[in-house]
Amino acid sequence: MGRTFPQCLQQLNLRKSIVGLATGAGALYLLYKAIKAGIKCQPPLCTNSPICIARECLPSRERALPQEAPASEAPPWGKPKGLAIERERHGRDSGELRRLLNCLECKHDDYAKSMILHSITRCVYLLEAEASACTTDDIMLVGDMLDEKDNNVKIQALNALKAFSGIRKFRLKIQEHSIKVLELISTIWDTDLHVAGLRLLNNLPLPDYVHPQLRRVMPALMEIMQSDYILAQVQALRLLSYLAQKNDLLYDILNCQVHSNFLNLFQSTQPGCLLFEILVFAERLSEGQNIPHYRAVKWHYNEQSLHEALFGDESRLADRLLALVIHPDEEVQIQACKVIVSLQCPQDLGSRRSSCQPSHSYFRTGE
């Protein structure tokens, strides 16, 4: 062989050393790549859990700022406030909501105001004790933002008032803004503003002194109901269904002008949530006009009125209702049956339900 045993052993040790060095270098390289990737990696976007929402106070526009920006330059509403919800859970007031309200009193541009109001809304929902500790002056401060020119500021102010309306002691104060909200809905054609305003109104008991303003904005509510934006349509229908139970507003609703294709809202191809709300609305109207007090007056409706579209001699509502009785959504089926029953059986306090006679020519014998 020509090699002694010590020489072979020495060569073997050299090979092991080379393999060890190569392995170590590879491991170090992989470790370097992992650390580098970890440094560059951004944390995942926050989920919708309450704790994540409380932690993620920094809006998307501020998250794009360089991380090395001095803390003193960061806007006060954008600084991470920590887990405020956890501090409240342990009985400690984070003071976050109060800081935001104080910040709202200062002068800011429209974007800053909308972001502050957005943060206030989240705090009201998440920090119940701090929200309950607010005052009516705070409600007025938020309500004053409805007079701002920027629509986004108005929308965020409406959302904040909606959040505060969940606290009973603030409802009367928020009611004072009802007329202003109705004015915004009727004069600004912005679907997001419509949704925000209608959600607020639907969360409040509307006082009687608002009824004259409601009569003036009724055409606007009808237009929103017939728009192509589902969220706004649903909210408008909920408000109209509530108003249809007010005797002094029923005629104003029924005599309001609607589009010639109004009954398309009853087509089975419409979303189930929209069908359910339009059927509830139709039932409320049918019950309202069959009340003896209302039937005692001979009302006159214009040819393109909601009354003629739903209950007129030329109405095709019956066909739409019969088609909805077999709708896949069970709630839609049940509600369609309720409308049919209300059309067949006028609410007469002097007669029993079983002796009802058809009040219209919709469902004649044999149909």
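Okay, let's start with Glu277, which is buried, with a relative accessible area of 9%. Keep in mind that this is a predicted model. Glu277 pairs up with Arg238 in a salt bridge, and their closest N and O atoms sit 3.1 Å apart. Glu277 belongs to helix H16 and Arg238 to helix H14, so the bridge ties together parts 39 residues apart in sequence. Arg238, by contrast, counts as partly exposed, at 41% relative accessibility.

How many salt bridges are there? The count comes to eight. Another one joins Asp138 and Arg98, with 2.8 Å between the closest N and O atoms. Here helix H8 supplies Asp138 and helix H5 supplies Arg98, 40 residues apart. Asp138 is buried at 6%, while Arg98 is partly exposed at 34%.

Then there's Lys113 with Glu148, 3.1 Å from N to O. Both of these residues are buried. Lys113 is in helix H6 and Glu148 is in the loop between H8 and H9, so parts 35 residues apart get tied together.

Last stop: Ser268, in the loop between helix H15 and helix H16. Ser268 is partly exposed, at 44%. Its contacts include Leu275, Leu324 and His327.

Technical notes:
Residues numbered from 1 in each chain as written. Predicted model: local features only at pLDDT ≥ 70, side-chain atom pairs only at ≥ 80, totals over all residues. Heavy atoms only, no water. Helix = DSSP H or I, 4+ residues; strand = E, 2+ residues; numbered from the N terminus. Buried < 20%, exposed > 50% of the residue type's maximum accessible area, 1.4 Å probe, protein only. Contact = heavy atoms within 4.5 Å. Salt bridge = Lys/Arg side-chain N within 4 Å of Asp/Glu carboxyl O. Lists of a residue's contacts leave out its neighbours within four places in sequence.
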